[in-house]
Amino acid sequence: MTTGVAIVGTGHIAASYARSLTARGVRIVACVDIDADRAIAFGMRWRAASVSNLTELTAYSPDVALNLTSVLAHAEVTTKLLELGIPVFSEKPMALDVAAARALVDLSISRRIDLRCAPDTLLGTRQQRLRNALDVGLIGQPMLIIGQIAWSGHERWHPRPQSFYQAGGGPLLDLGPYWIATMVDLVGPVVAVTAARPCHLPAQIGTTDSSAWIGFVPEVPTTVAVILEFASGVMGCLTMSFDWPHTKAPSLEIVGDEGVLACDTPLFNGAGVLRHRLRGSKAWRRWHPHILDHEAAISWYRGIGVVSMINSPEVHETSLDKRLALHTLEILQASSISLNTGKRIVVATPELNLRRRFHHSV
Ligand SMILES: NC(=O)c1ccc[n+]([C@@H]2O[C@H](COP(=O)([O-])OP(=O)(O)OC[C@H]3O[C@@H](n4cnc5c(N)ncnc54)[C@H](O)[C@@H]3O)[C@@H](O)[C@H]2O)c1
């Protein structure tokens, strides 16, 4: 029998999770935030107990605690929750750096307390269709995987936009986890990365119409390009920007020796139409396999990862596996080192059980 979810960090995204989870019958049993007033208001809105520290959450025996704190607090909060014996679903990235994330993975394993990490978009229909296309050989052997995203103006919609422009933010750590986890889930682990950024970065946020943030100076690169070398032999390229107003380039494109598969929707949105064009064909066609008869059950919604955790606590080797989240962070941290040194950075390549039938000969 399930009791419900505890929410740690009742900021901007918490309401979206609460709305989606409660609509699916998952109770929010308790919440906590270092801003006590914010937690109290959230608790009243969602009929949850608001408590003043993490230890007090244990009184409500949550099935899972959802770590929705600011990125800088992720590791500290997850550590404490695991030590309290509470399974954790953490928003991305799992921690600010690889050492902290590895310590979390080790703690989860040694305590036998489940730990999973966003992005749970990997459980959604779009990702299943992408995987299916590769599994059935729709485009032949993948050779190249390209991702791109232009996502500017956080100060227009977020009440605390500074975190997007500080350590733990920037396109690398804010957007990167979606694209990197998706790519690794599709074509396997990465062995090396080389990253670059424009020589001339914007000195301040200049595109905003919100006067409160005009003049705010980003502390992290706001446009990044990463070349990825996958162990499978596939090459990858990822460009992400908080500066560009838009791009018409596909959000994700996989080039195989028999054709190309593309998705237009940003990967932080779990949906999206896929189109493919095979070698010799003059037209792009929609890829909508009917074989996914369990599709209705896996359409992405906010909180799908938490629900899957409650429903299948014994399953560890899923797309949300902590080792995938750790490898994702290894790739992002290596990209950051490459940005700062101008060098190609080798990444430790883990054994990942990705339920993957597609195998590339190296
Ligand atoms: N905002 C979005 O659209 C969005 C989407 C997907 C994922 N996320 C992720 O969700 C997380 C939260 O994002 P947000 O936009 O809600 O940020 P936010 O700044 O609005 O909220 C974070 C909350 O965490 C609280 N907090 C910080 N440290 C804490 C601690 N040690 N203990 C308890 N509470 C603490 C803050 O007081 C704040 O209320 C981030 O990891 C972000 O990457 C956000």
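I began with the open sheet of six strands, whose order is S3-S2-S1-S4-S5-S6 and whose pairing is parallel. At its edges I found strand S3 (49-50) and strand S6 (115-117), each of which pairs on one side only. The model is predicted, and I read every entry below with that in mind.

I then looked at one pair in this sheet. Strand S5 (residues 88-90) and S6 run parallel and are joined by three bridges. I noted that Ser90 has Cys117 in S6 as its bridge partner.

Next I asked which strands helix H3 lies across. Helix H3 (residues 74-83) lies across strand S1 (5-8), strand S4 (64-67), S5 and S6. Its direction is at about 170 degrees to S5.

I moved on to the other sheet. This one is open too, with nine strands in the order S14-S13-S12-S11-S7-S10-S9-S8-S15, and its pairing is mixed. Strand S14 (285-287) and strand S15 (345-346) stand at the edges with a single partner strand each, so one side of each has no neighbour in the sheet.

For a pair here I took strand S8 (residues 190-196) and strand S9 (residues 223-230), which run antiparallel and are joined by six bridges. Within this pair, I found Thr194 opposite Ile227 in S9.

I then listed the helices against this sheet. Helix H5 (residues 125-135) packs on it and touches strand S7 (142-150), strand S12 (259-263), strand S13 (274-278) and S14. The direction of H5 makes about 20 degrees with that of S13. Helix H10 (residues 322-341) lies across S8, S9 and S15, and runs at about 40 degrees to S8.

I went back to H5 for its residues. Buried in H5 are Thr125, Arg126, Gln127, Arg129, Leu130, Ala133 and Leu134. Just after H5, I noted Gly137 with a positive phi of about 75 degrees.

What surrounds the ligand? I counted 23 residues, the closest being Gly9, Gly11, His12, Ile13 and Ala73. I sorted this shell by class and got nine nonpolar, eight polar and six charged residues. I also checked the domains: domain 1 (5-117) and domain 2 (122-298 + 317-346) each give at least three residues to the shell.

Last, I took totals for the protein chain. It has ten helices and 15 strands. Of its 362 residues, 46% are buried. Among contacts with a separation of 6 or more, 72% are between residues 24 or more positions apart.

Note on methods: Residues numbered from 1 in each chain as written. Predicted model: local features only at pLDDT ≥ 70, side-chain atom pairs only at ≥ 80, totals over all residues. Pairing = 2+ DSSP bridges. Helix = DSSP H or I, 4+ residues; strand = E, 2+ residues; numbered from the N terminus. Contact = placed C-beta atoms within 7 Å. Axes fitted to C-alpha atoms, helices over the stretch in contact; angles between N-to-C directions. Buried ≥ 20, exposed ≤ 12 C-beta atoms within 10 Å, placed from the backbone. Near = placed C-beta within 6 Å. Nonpolar A, V, L, I, M, F, W, Y, C, P; charged D, E, K, R; others polar. Domains from an automatic or database assignment.
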